[in-house]
Amino acid sequence: MEKTKQGIRRALDAGLVVKVNMCLTAENAAECEEMMQYVKELGVCFGVDPFITKRYDGTDRPLDHRLDRATLSSLYSHKNTAMSIQPR
């Protein structure tokens, strides 16, 4: 995540308009709140996408990376979270 933060900072320093979109996975869910806080401090827009689907060829290996319902619910219900999409 440090390289991502550096890239965001460099883009801002270069005068670019930055928006961060994070695809939520089981592997990066623990970093979501930290990233939201970081971009908030920088005044950068932040979006998340928790939806992982099968590949176009029908392979369902990507589904192994989906968040479980409890983790997803926790992220969306956290009092400091600016996420507006509610899990199904």
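Mentor: Quick ground rule first: contact, or touching, means heavy atoms within 4.5 Å. This is a predicted model, where local features need pLDDT of at least 70, side-chain atom pairs count only at pLDDT 80 or more, and totals for chains, interfaces and linings use all residues. Residues are numbered from 1 along each chain as its sequence is written, and side-chain values use heavy atoms, with hydrogens and water left out.

Trainee: Got it. So what does Pro50 touch, leaving out residues up to four places away in sequence?

Mentor: Leu24, Leu72 and Tyr76. Pro50 itself sits in the loop between β2 and α3. Helices (H or I, at least four residues) and strands (E, at least two) are DSSP runs, numbered from the N terminus.

Trainee: Is Pro50 buried or exposed?

Mentor: Pro50 has 11% relative accessibility, so it counts as buried. The scale goes buried under 20% relative accessible area, exposed over 50%, partly exposed in between (1.4 Å probe, protein chains only).

Trainee: How far is Pro50 from Met22, C-alpha to C-alpha?

Mentor: 8.4 Å, though they're 28 residues apart along the chain.

Trainee: And His65, where's that one?

Mentor: His65 is also in the β2 to α3 loop, but this one counts as partly exposed because its relative accessibility is 35%. Skipping residues up to four places away, His65 touches Thr25, Ala26, Glu27 and Ile52. From His65 to Asn28 it's 37 residues in sequence and 9.6 Å in space, C-alpha to C-alpha.

Trainee: Let's zoom out. What order do the elements come in?

Mentor: α-β-α-β-α from the N terminus on, which is three helices and two strands. Of the 88 residues in the protein chain, 31% are buried. And among contacts with a separation of 6 or more, 62% join residues 24 or more positions apart.

Trainee: Which residues of α2 are buried?

Mentor: α2 covers residues 32-42, and the buried ones are Cys32, Met35, Met36, Tyr38 and Val39. They span an arc of only 165° around the axis (taken from the directions from the helix axis to the C-beta atoms), so they lie on the same side of α2. Lys40 and Glu41, on the other side, are exposed.

Trainee: Last one: which residues touch the most others in the largest nonpolar core?

Mentor: Ile8, Leu24, Cys32 and Val39, out of 18 members. α1, β1, α2 and α3 each give two or more residues, and α2 gives the most, five. A nonpolar core here is a set of buried Ala, Val, Leu, Ile, Met, Phe, Trp, Tyr and Cys residues joined through side-chain atoms within 4.5 Å.
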